[in-house]
Amino acid sequence: MPGNIRSVSFVWVVLVCLLFCSRLTSVGAAPICANAQSGCHVLSLANLFDRVIQHSARTHGISNDLHSEFEQYFLPSKNHIGRVSRNCHTSSILTPNGKDNAQRMAREELTEVILKLLVAWRDPLWHFHQSMARHHDFNNFSSNKALEMSDMVHELRQGVEKVAEKMQVLGIISNTLSSLSSPEASLPSDSADWRLMKDFDLLYCLRRDSNKVQNYLKILKCRIVPEHGC
């Protein structure tokens with residue numbers, strides 16, 4: 001009897017290992033590709049859109065959290081409420097105002113706007129994380145969230161690039177997108193109060209732009225694959 005139990009246990013362990021390893025092979029080991037390539041996990045255009053939209057929702061949620069936490073830690077007594085004019089470094093990127101204007105844009109143009117916004121946040125988010133790491137009164141959780149935000153925006157940009165590549169392969173958009181350059185962010189001042197307000201404005205702009213990206217992706221998906229959840 002003990003020998004039979006050991007045999008059954010061994011077989012069970014082997015089966016669990018095989019199932020677990022096959023899952024890793026099919027999901028973790030194979031990268032996501034826009035078209036059929038060796039060693040890639042190919043997704044439909046609708047699935048690619050769903051992934052980047054979900055990722056953009058998480059990105060916007062974290063940007064909201066960072067904005068609220070920064071306000072709570074650093075600006076509890078600042079009279080920043082009602083400051084209407086904020087100079088976002090992405091202001092030079094022409095974005096459609098409202099859903100109707102976004103729906104009227106050419107697919108290529110709307111895709112370019114999304115990618116330009118994501119590229120523009122690469123350096124500012126990295127510098128913001130470095131700035132938060134120097135503030136001892138800003139908790140480690142929020143500082144790590146700033147780093148996570150930077151990684152998530154990078155991953156979201158890569159995901160949107162795969163969506164664009166898939167649309168190009170399917171002939172939905174042209175094979176040429178304009179070269180993407182990151183707008184220059186203004187250099188920090190020596191004033192501590194000025195830097196705090198600039199960081200707060202940066203998070204305000206991030207929250208605004210992440211919301212734009214999420215909405216533009218939803219509009220683009222519904223224009224191209226309206227039969228999938230639109």
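**Entry 1: overall layout**

What pattern does the protein chain follow, read along the sequence? I read it as α-β-β-α-α-α-α-α-α. I note at the outset that this is a predicted model. My tally for the chain is seven helices and two strands.

Next I looked up burial. Of the 230 residues in the protein chain, 39% are buried. The accessible surface comes to about 13,400 Å². Carbon and sulfur atoms hold 54% of that surface.

Then I turned to contacts.

**Entry 2: the disulfide**

How many disulfides does a search of the whole structure find? I get one. Cys88 and Cys205 form it, with their sulfur atoms 1.9 Å apart. The pair links distant parts of the chain, 117 residues apart. I place Cys88 in the loop between α2 (45–74) and α3 (99–104). Cys205 sits in helix α7, residues 192–224.

Are Cys88 and Cys205 buried or exposed? Both are buried. I also checked the handedness. The torsion about the S-S bond is about -85 degrees, so the disulfide is left-handed.

**Entry 3: helix α4**

Why do I call α4 largely enclosed by the rest of the structure? I do so because 10 of its 14 residues are buried. Buried here means under 20% relative accessible area. Among the buried residues are Leu110, Thr111, Glu112, Val113 and Ile114. The list also includes Leu117 and Leu118, and I meet both of these again in the lining of the largest cavity.

**Entry 4: the cavity**

Last, I looked for empty space. Rolling a probe the size of a water molecule over the atoms shows where such space is left. A search of the whole structure finds one cavity of 30 Å³ or more. Its volume is about 80 Å³.

Which elements give two or more residues to the lining of the largest cavity? I find α2, α4, α6 (140–169) and α7. The largest share, four residues, comes from α7. I wrote down some of the lining residues. Among them are Ser56, Thr59, Trp121, Val153 and Leu156. Leu206, Asp209, Ser210 and Val213 line the cavity too.

Technical notes. Residues numbered from 1 in each chain as written. Predicted model: local features only at pLDDT ≥ 70, side-chain atom pairs only at ≥ 80, totals over all residues. Heavy atoms only, no water. Buried < 20%, exposed > 50% of the residue type's maximum accessible area, 1.4 Å probe, protein only. Areas by Shrake-Rupley, 256 points an atom, 1.4 Å probe, with all protein chains shown as cover. Disulfide = S-S within 2.5 Å. 1 Å grid on protein atoms, 1.4 Å probe; cavity = no way out; pocket = protein on both sides within 12 Å on 5 of 7 lines; lining within 4 Å. Points joined across faces, edges and corners; volume = space filled by probe spheres on them.
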